[in-house]
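This report describes how two protein chains meet and what part of one chain's surface is like. Please view the structure before reading on.

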Amino acid sequence: MRRDKKEDEDGGNPFYNLEKSTVLQEARTFNETPIKIRKCCHILTKILYLINQGEHIGTTEATEAFFAMTKLFQSKDVTLRRMVYLCIKEMATISEDVIIVTSSLTKDMTGKEDQFRAPAIRALCRITDSTMLQAIERYLKQAIVDKVHAVSSAALTSSLHLAKVNPDVVKRWVNEAQEAVSSDNVMVQYHALGLLYHIRKSDRLAVTKLVSKFAKHSLKSPYAYCLLIRIACKLLRDDDSGMDSPMFDFIESCLRHKSEMVIYEAAHAIVNMKQTTAKELAPAVSVLQLFCSSPKPTLRFAAVRTLNKVAMTHPAAVTACNLDLENLITDVNRSIATLAITTLLKTGSESSIDRLMKQISSFMSEISDEFKIVVVQAVKSLCMKFPRKHSIMMNFLSSMLRDEGGFEYKKAIVDSIICIIEENPEAKEVGLAHLCEFIEDCEHTVLATRILHLLGREGPRTPQPSKYIRFIYNRVILESASVRAAAVTALAKFGGHCEELMPSVIVLLHRSQLDTDDEVRDRATFYVNVLQQKQAALNSAYILNGLQVSIIGLERALHQYTLEPAEKPFDLKSVPLATQPLAEQKTAAVGPGETPGVKATEKVAASRQDIYAEQLAAVPQFANLGPLFKSSSMPLELTESETEYSVRCVKHMFPHHIVFQFDCTNTLNDQVLENVTVHMESTEDFEVINYVPAPSLPYDKPGITYTLVRLPDDPTQVTTSFTCTLKFVVKDCDPNTGIPDDDGYEDEYVLEDVELLVADHVQKVMKPNFAASWDEVAEENELEDTFALSTMKTLPDAVKNVIQFMGLQPCERSDKVAEGKNTHTLYLAGVYRGGHDVLVRAKMVLDDSVTMQLTVRSTDAHASEVIVSAVG
Amino acid sequence: MGFFNTLAQWLGMKKKNANVIVIGLDNSGKSTILNKLKPEESKRHDIVPTIGFNVEKFMTKALSFTAFDMSGQGRYRNLWEHYYRECHGIIFVLDSSDKIRMSVAKDELNMLLNHADIVSRRLPILFFANKMDLRDALSSVKCSNMLEVEKIRDKPWHICASNAHTGEGLEEGVNWLTDQLKVVINQ
Ligand SMILES: Nc1nc2c(ncn2[C@@H]2O[C@H](COP(=O)(O)OP(=O)(O)OP(=O)(O)O)[C@@H](O)[C@H]2O)c(=O)[nH]1
Ligand SMILES: [Mg+2]
């Protein structure tokens, strides 16, 4: 960003100082006759530039400029006219009445000047709405089969765009598209195939036929071949069909095509398939291997980049290419070299690591940040694979940390180090030391606070906690407010965990009570006061493990509390819990396969419960249920797919009640359902006390009905199964208007059963310092039992199942079982309905099957009992 | 080419350009008339209802014309005004067999005459009472009565019956317009 500006100031960009109002003023030149061609071209360029810079042009100004521009149709100058087409396209959505140029464009697309025809088609399709499409349909159909390739291509690609809004009209052009597929021009054939596929896309059988047909009739265009491979891949993926499918045979046969592009596409497709085995992979890998020694850098790059990916999932398959990859280490193209080395790192043996690392260090400074990140990730996965090599890797990573590099690069390194520390306890101290050194001179606040958070969590539990204090305290003196605040919190954790450090920590925190920043001061004051109580339980709850409520929920609850002043103090237990502690949410490392986008949706999911809470609060029947404790995360499908009605169930748990929410959709367009409810019956003492019907369910408009159930008085009776029936009044209606008849009749529809499980009564809560919480809850309600999990043949299976049954949060990364171990301890934490902490320690031993010694602690005796019963 | 153009102009050989706007209700024959006026090589065989506008060029003995052939359909008529300001003259085409819509044409004419970009200018207006070949076509006199063309005092106008298919009447009209414009443009 900064660089861009500099270049502009240097005069590199003649448009740098463009002003919208001046340019629009200049656009009036278009009205003058005779037309000044060069000048007008220049002004059009400026308008295009402004629009592409994201400059907002109001409708009135845009329309004025647009109409002025239409007058340029007087000139026959080719360049000017083509600039006009471009501007029409860009202004199509910001100006009014753009259809004014319809006839002019139609004339150009059917005229004699070939240079006008293709771009006129593209512009025309951009300004055409559904009502206009009829009028130009005839011309477009002709253009698709035009003998001028550019015209045909333009018509085909434009059709694809039009199909987004007018699928039905475009479907009628299938014959023309069919004809164009047999064109001898590679682009036309490719575009025509694209359109043909698009038209048939939703018809699986037709697509299958399409692929089979063209797979046989060898197509001329390599582009079309590539597309066909992609279509075949999608079919394979959607059908979940195996490698014996004719689709796979087709893709495989493309490995022997004469065009490199097609060969690469096929190889790329095969290596990216989900269930490929070594057998299918081998031929694909061997063509990539050939490409590795191609004289064309693009092919070498493509090959090594793909091999790099394969190496993550099938390292063994890539080993065959090791020799070729070795040769690429010295490739003049550094991107290729980097990918080659990182691939080798993934496939190579432990013994080759030192050599490769040395080699890569020699040119680290020459490659871009983007590729440095690739290297960092390779190093990270190597650490996971060869834990014994962690010290070399750590050294390497830490020297990278010291080098120049942007935020993303530094973040990747820090992520990797943290990830290694968490996976491998032996690497912890070295890793923390490197990170301590890094924050001494770190310009990225986000990274500094993240590392401080980590130091606070891990540091106190190392053999020599005191050595971290200095690094942390330095931050308190030297850094910005947010870093100081993070440092204060980290310090407090040392005080809370290590008794011998507490006095000195209190002294240090006292100093921060004079800080200039409110947040820092408040935190220091809070921690000093908690620490001075000298109570382990307080330290655990308020310093080591922290707040576990949903922040949005807390904000809402507090707001509500201030609106209706009450005598009794605010009860934190009335606030819904966060599904994950906030700090974890923000900092969770992004794995190699995940994209940041995936993370974003997770954040939304975390506040899903807050949305439910708001919706439920609006239903008067639920006014006295108390705070919402938990909403189940995945809706249960209570109907098969593609039946008349679709019903999904979400369970909302309250202190003594449960609300079943049914999201219903009516998929029949000739019916309207009214007064829709779901009747539920259970053999146990679960009593339905209220129904909130969905008043009306028109076709395809989802509606909600609720069923309110009171939980039995016996606190240990928490699980049951409900039979469910959808009840409603049916009224027939006219599918076109949706207006129902006056008379209806009652009807019902049987749904799948809904189970109520132990997991529905508990909310996951992460305890960053499990041991402290364990002591905090104490032995009072402890229950212990031993179980033989005879169906569990491996520890990871047992761990997975226990977590699922109990619905608790695994802590201390105990959900991961170290490879080759036959004992494991799982730590789980959560809160039971009613706000009782629940902690579980499950010691497992693998013999033939898994035996588990389960210890449950809770602040409530019944909660312990229920949790133990989840396994029994 | 550029050199030749200027040389030609200097010698007074090149024809001056005049911009006219061609308006009138839909289906009155505007596009057909212009097509007839165009040189043989750029004629089109199929005339379809215009959407928006088209630019057409044609020559007369003294002038070269650039004509904005506007769309006459109701919903596009409000777009005509964008092209008023730069035009030197107006061609208003009537379907002389469409008696029912004569009053609509009259409304449009009045709107044109009262438009801010037109009202105070001495623009020549040429009326074509087109489709004279049809059996129930009104005479040009009848048309001008129905439109109350006589009331136009501050602008030169002329009306002639025409048949766009044969070209009958077109030359007469265009010659009148040329004579009117020659004076203006050479000033
Ligand atoms: N009999 C007859 N038919 C004519 C004459 N002039 C035009 N037409 C027909 O009238 C119809 C409409 O002609 P157009 O030129 O498209 O009319 P327009 O005024 O351009 O219509 P819009 O573009 O919709 O405003 C066509 O079918 C022409 O063949 C004429 O002088 N006599
Ligand atoms: Mg027309």
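The model is predicted, so local features need pLDDT of at least 70 and side-chain atom pairs count only at pLDDT 80 or more, while totals for chains, interfaces and linings use all residues. Residues are numbered from 1 along each chain as its sequence is written, chains are lettered from A in the order in which they are written, and side-chain values use heavy atoms, without hydrogens and water.

The size of an interface is often given as the accessible area lost when the parts come together.

| Item | Value |
|---|---|
| Area buried between chain A and chain B | about 1900 Å² |
| Residues of chain A in contact with chain B | 22 residues |
| Residues of chain B in contact with chain A | 23 residues |

Here, contact means heavy atoms within 4.5 Å, and buried area is the accessible area (1.4 Å probe) that two parts lose on being put together, summed over both. Carbon and sulfur atoms give 53% of the area buried between the chains. A:Gln74, A:Ile100 and A:Lys107 supply 29% of what chain A buries against chain B, more than any other three residues.

A:Lys107 also forms a salt bridge with B:Glu56 (3.3 Å, N to O); the term denotes a side-chain nitrogen of Lys or Arg within 4 Å of a carboxyl oxygen of Asp or Glu. In total, the rule finds 2 salt bridges across this interface.

Elsewhere, A:Met261 is partly exposed because its relative accessibility is 34%, and this class lies between buried (under 20%) and exposed (over 50%), with a 1.4 Å probe and protein chains only.
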